[in-house]
Amino acid sequence: MKPELLAPAGDLARAKTAIRFGADAVYLGGKRFSLRSRASNFELEDIAEAVRFAKEYDAKIYVTVNMVPHDEDLQGLEVYLLALEKCGVAAIIVASLHIALLSKKIAPAMEVHLSTQLSLTNSAAIETVRRFGVDRVVLAREVSLAQIETISSASSMPLEVFIHGGMCVNLSGRCTLSNEMTLRDANRGGCAQSCRWKYKLYRDQTEISDPNCLFSMSSKDLLAIEEIPTLMKQGISSFKIEGRMKSAYYITVVVDAYRKLIDAIDQGEDEKEAIEKARKMLMKAENRPTSDGFFRTIPGATHHLYGVNGEGITQDFVANVIETHPNGRTSILIRNNLPVHTELDVLSPGNDVRSFTLEAMYRKGEAIEVANLPMEVLDIEIPFRVESGDFIRKKGS
Ligand code: SF4
């Protein structure tokens, strides 16, 4: 069976984008009980709207309830679980066996998926958590392809595997760096990503770090395009993309690339060609340096992110399509500097990238030469059909 492609979303717009571009399911966090609760933009009504939109595309919404709760955190939990069930949420992702059991008891319409934070690395542990009503296990990121094969052969539990995005330098979120440096509890929704800060290194009292390349504790991001064919043969149920904080453009490019890769392999197309095509597509996203994580070997020096903690911000993404008009013009929302005569690509769900040259641009009917006000709405002519929400970027950059 074809695996589910599971995408992250930091807000409703990104959830809809991920679904339009081919995600089978989207995971998001509410304002409480989630590891990214500080950054969440999802009120319950947004979650309900995400569910409604997802149903139009036969997709699902999962909600992270994955904090590691202390006693005082449990207040309001039952009400929240009931509300999520009422919204039509398909599953919650939890890191607490208590929450797993409670949800199965009071909100049985929702599946319970056990978070990667449980660090499940073997089939015996997976069979053990079955007693808690768990419907799916998100494997620890610290397992190899060979270990996944063993687990998958020994257990009938549906398995979810991370395929793309940031890695925790500690064991899948079991980390107190943020707690110690900022008093923000990483396991209760407050991670300050302290591993990604830049640090000066000292030997005794002498600074030994290069001031132009300060030290970062982080690992490179995960990129698993090479592993997708094997993971599909292993019968993994769900392929998960990390990045609830990522931009809509990033989500679009990554979802589009993996959607096309999974479909190509499923249809028996040449694997190498499909992987190289996906690699080229992914290079257009705002990526940090990548590695294959734990899939083939224990990560070593080549998997570490020395001296870099940000991602290459791309100026390539220049606009979103808002709407097309009967006069043939299309209104677009400007996101980056855009002069006329630029060659552009359009990313539309289900289509290959289509290109055109921007011949003219209009502000309230007046022709202009360059768009340089972000979030301004301008009109252009596009020589093929586009849809609201499509992404426009500079061609071949
Ligand atoms: S500080 Fe880094 S390693 Fe620790 S939980 Fe946050 S992201 Fe993960």
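## Pockets, a cavity and a helix pair

The lining of the largest pocket has 14 nonpolar, 17 polar and nine charged residues. Here Ala, Val, Leu, Ile, Met, Phe, Trp, Tyr, Cys and Pro count as nonpolar, Asp, Glu, Lys and Arg as charged, and the others, Gly among them, as polar. Before going on, keep in mind that this is a predicted model, where local features need pLDDT of at least 70 and side-chain atom pairs count only at pLDDT 80 or more, while totals for chains, interfaces and linings use all residues. Residues are numbered from 1 along each chain as its sequence is written, and side-chain values use heavy atoms, with hydrogens and water left out.

Back to that pocket. Its volume is about 800 Å³, and of its 40 lining residues, R36, R141, C168, Q193 and E242 lie nearest the centre. On a 1 Å grid over the protein atoms alone, a pocket is an open set of points with protein on both sides within 12 Å along at least five of seven lines, a cavity is a set where a 1.4 Å probe fits but cannot get out, and lining residues have an atom within 4 Å of a point. Grid points are joined across faces, edges and corners, and a volume is the space filled by probe spheres set on the points.

The largest cavity has a volume of about 80 Å³. Its lining is made of 13 residues, with A140, R141, V161, F162 and F295 nearest its centre. Ten of the lining residues are nonpolar, one is polar and two are charged.

Now find helix α1 (residues 12-20) and helix α9 (residues 248-266), whose axes come within 9 Å and cross at roughly 20°. That makes α1 roughly parallel to α9, a label for angles under 35 degrees. The axes are lines fitted to C-alpha atoms over the stretch in contact, and angles run from 0 to 180 degrees between N-to-C directions. Helices (H or I, at least four residues) and strands (E, at least two) are DSSP runs, numbered from the N terminus. R14, T17 and A18 in α1 meet A248, I251, T252 and V255 in α9, where contact means heavy atoms within 4.5 Å.

Key
Angles under 35 degrees count as roughly parallel, over 145 as roughly antiparallel, 65 to 115 as roughly perpendicular and the rest as oblique.
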